[in-house]
Amino acid sequence: MSRWKLREVILMVVLAIVCGGIYRVWDVLYALIPATAYALQGVMTGLWMIAGVIVPYIVRRPGAALIAELVAAAVELLLGEQWGLSNMISGLIQGLGSEIAFLIFAYRVWNTGTCALSGVLASAAFMFQWYFQYGGDTLHLGTQVAFVVISLVSGAVLGGLLPKALADALCRTGALRNYEIAKRSVKSA
């Protein structure tokens with residue numbers, strides 16, 4: 001693969017900043033959920049994975065998922081989210097989880113399955129932090145299993161399929177004609 005182009009870096013940062021803002025709004029909504037509504041918490045989990053899918057799906061560069069999630073987490077932190085610096089750990093592990101999906105396919109397969117897998121692996125990576133840092137280990141086994149399953153499905157849908165659909169829609173407008181997503185779409189058409 002060739003080196004990053006300046007326009008790719010700029011788009012990555014802009015999208016990550018937007019995602020960080022979305023994450024912060026999501027934080028406010030999440031705070032309204034009762035502490036014992038684990039299923040609803042699990043449903044919401046996937047949206048925090050979008051930067052790790054939308055950015056690499058558009059620019060198609062190694063490292064894009066990790067960097068995008070870290071930048072989004074930093075923006076969310078600067079906007080005053082409620083988790084403090086552990087939010088950066090979330091960005092790191094979610095970004096790594098997301099990155100692994102694209103790495104598995106050597107950054108050559110960019111489809112619905114890969115994006116869904118990226119969202120699932122980002123959510124799965126976050127499950128470790130949830131279990132050890134956010135009290136998941138104190139819950140009944142059935143509650144743990146339900147939360148994990150719901151979170152993984154949320155990761156696939158909100159964290160994987162939603163950002164792919166958004167990027168595809170943006171690509172159809174012509175706004176991404178100078179990026180890999182548009183170049184590959186033309187080749188496969």
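This is a predicted model: local features need pLDDT of at least 70, side-chain atom pairs count only at pLDDT 80 or more; totals for chains, interfaces and linings use all residues.
Residues are numbered from 1 along each chain as its sequence is written, and side-chain values use heavy atoms, with hydrogens and water left out.

**The largest pocket**
- The largest pocket holds about 380 Å³ of space, a volume being the space filled by probe spheres set on grid points joined across faces, edges and corners.
- A pocket here is an open set of points on a 1 Å grid over the protein atoms alone, where a 1.4 Å probe fits, with protein on both sides within 12 Å along at least five of seven lines.
- Its lining takes in 25 residues, each with an atom within 4 Å of a point.
- Tyr-30, Trp-48, Trp-83, Phe-126 and Tyr-134 sit nearest the centre.
- Two or more lining residues each come from α1 (6-31), α2 (38-45), α4 (64-78), α5 (86-104) and α6 (112-132), helices being DSSP runs of H or I with at least four residues, numbered from the N terminus.
- With four residues, α5 gives the largest share of the lining.

**The cysteines**
- You'll find zero disulfides in this structure, a disulfide being a pair of cysteine sulfur atoms within 2.5 Å.
- Cys-19 has no such bond, and its nearest cysteine sulfur, in Cys-115, is 13 Å away.
- Cys-19 is also buried, at 4% relative accessibility, where buried means under 20% relative accessible area (1.4 Å probe, protein chains only).
- For Cys-115, the closest cysteine sulfur is in Cys-171, 13 Å off and so too far for a bond.
- Cys-115 is buried too, with a relative accessible area of 0%.

Conventions:
Buried means under 20% relative accessible area, exposed over 50%, partly exposed in between (1.4 Å probe, protein chains only).
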